[in-house]
Amino acid sequence: MTLVNTNFEPRLAHRRRIGWFFAFACASMVVLAVFVLGVLLISVADQGWRWLSLDFLDNFPSRLNPEKAGVKSALFGTLWLIGLTAAVSVPIGMAAAIYLHEYAAKGKLTRFIELNIANLAGVPSIVYGILGLAVFIRLCGLGRSVLAGALTLSLLILPVIIIASREALAAVPDSIRLAAFGLGATRWQTVRSHVLPAAIPGMMTGVILALSRALGEAAPLIMIGALTFITFVPEGPLDTFTAMPIQIYNWIDEPDLIFQELAGAGILVLLGMLLPMNAVAVGIRAWHQRRKAWS
Amino acid sequence: MQDLLRTSKRLTASVVAIAAVTFMTGSAFGQTKLSGTVKLDGSSTVAPITMAAAEMFMGEQPRVRVTVGISGTGGGFKKFLDEKADLRTDISDASRVIKGKEIERAKKLGIEFIEIPIGIDGIAVMVHPSNAFANFLTVDELKRIWSPGSSITNWSQVRKGFPDVPMKLYGPGTDSGTFDYFTKAICGKEKASRSDYTASESDNVLVRGIAGNKGSLGYFGYSYYQANQDKLKLVAIDNNNGTPVTPSLDIIRGGTYKPLSRPMFLYVNKTAYTRPEVKAFLKYFLDNAKAIVEHPRVNYVALSDELYSIGRHRLNTGQVGSAMSAAGDNTAKLQEVFSKF
């Protein structure tokens, strides 16, 4: 009894002060982050809002008449790019995650593969651009096409999709699998009818966040030679293209002030595409939290 | 009566519709509408010219797709001289003459090219607007400042009488044709430059740097200076002869802004030039060259009509190779004109 009590000094006020200080420090970091984001958004909106109109979406970029310039070629290029990227990366990424988590034996090889996928997620995007240039454009002969761009972006986001999907699968409690096996279900039946329905919302969240990352990428596209000045919309996957981030970058580089404002408007359009995607991801997660089958 | 009126109205409407259709098809088939793609890439200095040309040309030939990339003069030649024929660009934008190495590569790949001069650009040297002492700099002083391994870090080291102000340097990156030209003209050897300066491929970054630093000194294309005149102070250049020259469009046109004026070129793949859309684009360009090059949104110095017709002649007669290094029919005239630069 005495041993325990001798060294104990309550100093309750002091400890509470430390706790309060820590909470204050964390809260001020939140305020700082939101403040910086707010300043950024306001300055962009201030520059670009007056150019935002349906014409801005429907006009091609113009160097001679910037008053009538728009983002049509870049907007359609980006839509093509994201559509093709999703079509390639989502099935491959989800299938890889399902195999790694549900089927593969938990051996050294699986661990090695997973470790490498995690490493690939950290590789700078320009490296994927160089890879895309060498493999898709030169080796496969796809040219500087929107398909080559989409395949490059697919490589870029595959590790992210696999990791996110694996985590969603790992969050499904083993008791569900064991119960299904216990009732005589095969592995395929277990995965299809029990694990996937529970994991799909989490997987979708990861997929959408990965796709929004691809949406904002410029470096790998510049590397594979997406064009700067283009005034037509891709008509097929093998057409040349430009994308929103490249159009924005190109405008920011122009000397006249009006192009800086156009760049601001372009950023607003890009944000206008990103925010709904992220909102869908958040929405799916919220919906999933409510109807979770376990807990 | 009412019925009659209605029918006559309908009649008029159909007549108008038929007339409209005939008119539209007439305009579509009346003049030859071309299609196809013309691919350009290269210098960021030349790009405003070719982008403007592309835009104006596509106004007349909406079914031709002209694309312009910006990879720097060197990067543009890499795409112009790609190993794979289907990845090659048709025309390369260049803010310097093609290099010996690039000519060799073209020979090795069996690519024949036609060189046409399209305009002149000056390189502006600028300081912070509050800088009251550096009104002009001699080429020797610039050389001492920019040479590789230069130890100048303060304005007082440049000239006797300059105040004790730390110097901050800004310039384009190593992929830029402006960098190649400046280093050759000032330091005597291409790419010979000190490396401890703020380098950026984006001229706007350089504008911000020079305008934001009291002891700044930097250089980039004159047309960019024009768009940012209020933020920068232009420095006159003394070509070591005691008469400093402040560049302006007229001065650059006159050829007295030495040694920092440079010609700009298009390099045309000869095989690509057999395609009608490429031919039409270049014909349009050369016929309207002055309007394009000196368009207020482009703002470079156009060449004389004579030089443009030399370009036209070179294209039509298929004179391959670089006029600036090889000898040929009217290359003498070209060399004479460009020897000033």
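Mentor: With a relative accessibility of 23%, B:Asn299 counts as partly exposed, because that class begins where buried, meaning under 20%, ends. The model is a predicted one, and in it B:Asn299 has a positive phi of about 65° although it is not a glycine. The residue sits in the loop of chain B that runs between α11 (289–293) and α12 (305–316).

A positive phi in a residue other than glycine is also found at B:Lys191, where the value is near 70°. B:Lys191 belongs to the loop between α6 (177–187) and β7 (198–199) of chain B, and at 40% relative accessibility it too counts as partly exposed. A further backbone feature of chain B is the cis peptide bond from B:Lys258 to B:Pro259, with omega near -5°; B:Pro259 lies in the loop between α9 (249–254) and β11 (261–269).

Turning to the contact of the two chains, 27 residues come from chain B and 29 residues from chain A. Together the chains bury about 2500 Å², of which 49% is on carbon and sulfur atoms. Of the area that chain B buries against chain A, 29% is supplied by B:Glu55, B:Arg65 and B:Arg297, more than by any other three residues.

Five salt bridges are counted between chain B and chain A, one of them joining A:Arg138 to B:Asp82, with the closest N and O atoms 2.7 Å apart. Polar contacts across this interface involve 13 residue pairs, both residues being at pLDDT 80 or more. On the side of chain B that touches chain A, at least two residues each come from α2 (47–60), β2 (64–68), α7 (203–211) and α8 (222–227), and α2(B) gives the most, with seven residues. By type, the residues of that side divide into 13 nonpolar, six polar and eight charged.

Aromatic rings complete the picture. Over all chains, the search of the whole structure finds 18 aromatic pairs. Among them, A:Phe56 and A:Trp251 have ring centres 6.1 Å apart and planes at 35°, so this pair is tilted. A:Phe56 lies in helix α3 (residues 54–58) of chain A and A:Trp251 in helix α11 (residues 244–252) of chain A, so the pair ties together parts that are 195 residues apart in sequence. Both A:Phe56 and A:Trp251 are buried. In chain B, ring pairs link B:Phe77, B:Phe80, B:Phe113, B:Phe265 and B:Tyr267 into a cluster.

Terms used. Residues are numbered from 1 along each chain as its sequence is written. Chains are lettered from A and ligands numbered from 1 in the order in which they are written. This is a predicted model: local features need pLDDT of at least 70, side-chain atom pairs count only at pLDDT 80 or more; totals for chains, interfaces and linings use all residues. Side-chain values use heavy atoms; hydrogens and water are left out. Contact means heavy atoms within 4.5 Å. Buried area is the accessible area (1.4 Å probe) that two parts lose on being put together, summed over both. A salt bridge is a side-chain nitrogen of Lys or Arg within 4 Å of a carboxyl oxygen of Asp or Glu. A polar contact is a pair of N or O atoms within 3.5 Å; within protein, one must be able to donate a hydrogen and the other to accept it, and residues adjacent in sequence count only if both atoms are side-chain atoms. Helices (H or I, at least four residues) and strands (E, at least two) are DSSP runs, numbered from the N terminus. Ala, Val, Leu, Ile, Met, Phe, Trp, Tyr, Cys and Pro count as nonpolar, Asp, Glu, Lys and Arg as charged, and the others, Gly among them, as polar. Rings of Phe, Tyr and Trp (its six-membered ring) pair if their centres lie within 6.5 Å; planes under 30 degrees apart count as stacked, over 60 as edge-to-face and the rest as tilted. Buried means under 20% relative accessible area, exposed over 50%, partly exposed in between (1.4 Å probe, protein chains only).
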